[in-house]
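Work through the exercises below with the sequence and the structure in view. Each task is followed by its solution in steps.

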Amino acid sequence: MANYENIKLEKGMYQVSGKSLTDVLEELDPSENYENTSLKGLDAFSRQLKRFDIKVSGKGSDCVEKFFKTSDSAALFPEYVSRAVKQGMERNNILPNIVSTVTNIEGMDYRSITSTPTEDDKTLQVVNEGASIPKTEIKTSENLIKLHKRGRMLVSSYEALRFQRLDLFTVTLNQIGAYISRAQLKDAVDVLINGDGNSNPCDTVAAGTTGSITYDDLLKLWAGLTPYELNTILAPTEAMQKIMALSEMKDAQAGLTFQGSGKMITPLGASLLHTPEITDKKIIGLDKNCALEMVQAGDVITDYDKLIDRQLERATISCIAGFSKIFKDASKALTY
């Protein structure tokens, strides 16, 4: 039964552990109730925006003050901020292309699991009749995974923003999200290269000639990852230019993919991702299916009290996350 116009909104909805305002609203007003209506395709939060006639994008977007017409509509503002920040984090974010799994936790302490297979473990020898089956040991990591809090503080007043259009304000929030995602990518790169504090830095191989990258060097990186699959290469700007200048990168298929989508596929079949966060003369090759775990302590967090009661002034937007290596040998670095 459609119920979105009768829900009492309050800031206490933000205090439900492990759930966003949208999650809480979905429990009170499930989207499945709107399958055969004009509201199909909208989630519970979007229906609340429609309820109060708040347009956050497009030619007819409203001003910020529209959120503060009533106490109920004001309670929607922190969720709008969070969603706009997350939108910015997801735009051009390459983390989903290098992270194998995302673990959500409550709290700040987390130990991942680890396994260091031997060469015998990787080959899985034939087990003779009556013989013991070889073991692969999985254990808890010795040290906690480091979680970093990344965020920004909004410093303004309601008076300064009240007549600003929401689509323009959304651009600012998107950019805050982009800053956070780039900082998280830098954390991920650091863990891939130096390890997560559990004695698991990646092994390195050296290019044949200092200062240059050849196709043979890429083959060396590919061979070094065996038996893992080299399906992703992270490269800083200088290295990207060197790789893209290789004659092997100028074949028809690679050129067609780049010109059509802006995505680079190397002759080795690996996705080539531009990663300015790598500051050394290195490129990283990895198997994205088993190299890296992302650990998140909650979602994007907004300071809802100040956003609702004080109408901005000073409010924080933050996200807590860290990274853990799953298999040490599933990533390698090539120095040039």
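The model is predicted, and 15 salt bridges are found in the structure.

**Exercise 1.** Find the salt-bridge partner of Asp-29, and state whether the two residues are buried or exposed.

Solution.
- Step 1: Asp-29 pairs with Arg-47, and their closest N and O atoms are 2.9 Å apart. A salt bridge needs a side-chain nitrogen of Lys or Arg within 4 Å of a carboxyl oxygen of Asp or Glu, so the pair qualifies.
- Step 2: Asp-29 sits in the loop between helix 1 (21–28) and helix 2 (44–51), while Arg-47 belongs to helix 2; the two are 18 residues apart.
- Step 3: Both Asp-29 and Arg-47 are buried.

**Exercise 2.** Which parts of the chain are tied together by the salt bridge of Glu-65 and Arg-162?

Solution.
- Step 1: The side chains of Glu-65 and Arg-162 form a salt bridge with an N to O distance of 3.0 Å.
- Step 2: Glu-65 is in the loop between helix 2 and helix 3 (71–74), and Arg-162 is in the loop between helix 6 (158–161) and helix 7 (166–194), so the bridge ties together parts 97 residues apart in sequence.
- Step 3: Buried means under 20% relative accessible area. Glu-65 has 16% relative accessibility and therefore counts as buried. Arg-162, at 28%, is partly exposed.

**Exercise 3.** Locate Glu-238 and Lys-281, and classify each by its relative accessibility.

Solution.
- Step 1: A salt bridge joins the side chains of Glu-238 and Lys-281, at 2.8 Å from N to O.
- Step 2: Glu-238 lies in helix 9 (residues 237–244), and Lys-281 lies in the loop between strand 8 (271–274) and strand 9 (282–286), so parts 43 residues apart in sequence are tied together.
- Step 3: Glu-238 is partly exposed because its relative accessibility is 34%. Lys-281 is also partly exposed, with a value of 42%.

**Exercise 4.** Which residues are linked with Asp-53 in a network of salt bridges?

Solution.
- Step 1: Side chains of opposite charge can pair when their charged atoms come close.
- Step 2: The network links Asp-53 with Lys-55, Asp-62 and Lys-66.

**Exercise 5.** Describe the chain as a whole: how many helices and strands does the chain have, and what share of its residues is buried?

Solution.
- Step 1: There are 11 helices and 13 strands in the chain.
- Step 2: Of its 336 residues, 45% count as buried.
- Step 3: The chain carries 39 positive and 45 negative side chains, and the centres of these two sets are 6 Å apart.

Note on methods
Residues numbered from 1 in each chain as written. Predicted model: local features only at pLDDT ≥ 70, side-chain atom pairs only at ≥ 80, totals over all residues. Heavy atoms only, no water. Helix = DSSP H or I, 4+ residues; strand = E, 2+ residues; numbered from the N terminus. Buried < 20%, exposed > 50% of the residue type's maximum accessible area, 1.4 Å probe, protein only. Lys, Arg positive; Asp, Glu negative; His and termini not counted. Charge placed at Lys NZ, Arg CZ, Asp CG, Glu CD.
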